[in-house]
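I am opening a page for this model and will write down what I look up, entry by entry. The sequence and structure go in below, before any notes.

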Amino acid sequence: MSVKIRLSRVGKPKHPHYRIVATDTRSARDAKILEILGTYMPRQEPSAVTVDTPRLLRWLHDGALPSDRVRKLLEACGAWAEFEASKKAAKASAAPARS
């Protein structure tokens with residue numbers, strides 16, 4: 001099963017709120033989810049993004065792929081930079097020491 005991190009729409013008609021969720025790639029947009037990782041409220045001024053960063057980083061390190069929109073939201077809130085930094089740190093610690 002491959003996992004994708006994407007948006008799931010909630011809220012009234014013409015007043016959308018979105019949840020950032022981890023879900024199976026084969027499921028529909030608002031179908032069963034594995035875990036809620038945050039929220040995105042585009043109608044607030046400015047738009048509000050809240051993310052459970054430790055849980056999100058765990059999913060990303062386990063191989064979950066974010067959708068294009070989620071990746072842009074993560075870049076805007078700084079979680080994507082944190083993921084890139086932790087990925088580089090893990091790669092550097094895994095490299096053998098040279099003498």
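**Entry 1: salt bridges**

How many salt bridges does the count come to? I am working from a predicted model, and in it the count comes to five. I looked up several, including the one in which the side chains of R55 and E35 meet, with 2.8 Å from N to O. R55 belongs to helix α1, residues 53–61, and E35 to strand β3, residues 35–41, so this pair ties together parts that are 20 residues apart in sequence. I checked the accessibility of both partners: R55 has 30% relative accessibility and counts as partly exposed, whereas E35, at 17%, counts as buried because the cut-off for that class is under 20%.

Another salt bridge joins the side chains of R58 and D62, with 3.8 Å from N to O. I noted that R58 is partly exposed with a relative accessible area of 39%, while D62 counts as exposed at 54%.

I then turned to E75 and R71, whose side chains meet in a salt bridge at 3.4 Å, N to O. These two are four residues apart in helix α2, which covers residues 68–77, and so they are separated by about one helical turn. E75 counts as partly exposed at 44% relative accessibility, and R71 also counts as partly exposed, at 36%.

Is R6 buried or exposed? I find that R6 is buried, with a relative accessible area of 15%, and that its place is in strand β1, which runs over residues 3–12. Residues up to four places away in sequence aside, I list the residues that R6 touches as R19, I20, V21, T23, D24, T25, S27, A28, R29, S67 and V70.

Two of these neighbours I followed up for polar atoms. A polar atom of the R6 side chain lies 2.6 Å from the backbone oxygen of S27, and the side chain of R6 also reaches the backbone oxygen of A28, at 3.2 Å. For a distance across the model, I took the C-alpha atoms of R6 and A94, which are 88 residues apart along the chain and separated by 30 Å.

**Entry 2: S8 in strand β1**

I stayed with strand β1 and moved on to S8, which is found there. S8 counts as buried, at 8% relative accessibility. Leaving aside neighbours within four places in sequence, I find S8 in contact with H17, Y18, R19, V21, R29 and D30. R19, V21 and R29 are also among the residues that R6 touches.

**Entry 3: helices α1 and α3**

At what angle do α1 and α3 pack? I read an angle of about 50° between α1 and helix α3, residues 79–94, with their axes 10 Å apart. The two are therefore oblique to each other, and α1 passes α3 in a right-handed crossing. From α1 the contact is made by T53, L56, L57, L60 and H61, and from α3 by A79, W80, E82, F83, S86 and K87.

The peptide bond from E45 to P46 is cis, with omega near -5°, and P46 has its place in the loop between β3 and β4, the latter being residues 48–51.

K14 is not a glycine, yet has a positive phi of about 65°. I place K14 in the loop between β1 and β2, where β2 is residues 15–24, and note that K14 is exposed with a relative accessible area of 71%.

**Entry 4: the whole chain**

Which order do the elements follow from the N terminus on? I read β-β-β-β-α-β-α-α, with three helices and five strands in the protein. The C-alpha trace spans about 65 × 35 × 20 Å along its principal axes. Of the 99 residues in the protein, 30% are buried. Among contacts with a separation of 6 or more, 33% are between residues 24 or more positions apart.

Key
Residues numbered from 1 in each chain as written. Predicted model: local features only at pLDDT ≥ 70, side-chain atom pairs only at ≥ 80, totals over all residues. Heavy atoms only, no water. Buried < 20%, exposed > 50% of the residue type's maximum accessible area, 1.4 Å probe, protein only. Contact = heavy atoms within 4.5 Å. Polar contact = N/O pair within 3.5 Å; in protein donor to acceptor, adjacent residues only side chain to side chain. Salt bridge = Lys/Arg side-chain N within 4 Å of Asp/Glu carboxyl O. Axes fitted to C-alpha atoms, helices over the stretch in contact; angles between N-to-C directions. Parallel < 35°, antiparallel > 145°, perpendicular 65-115°, else oblique. Left-handed = near helix turned anticlockwise from the far one by under 90°.
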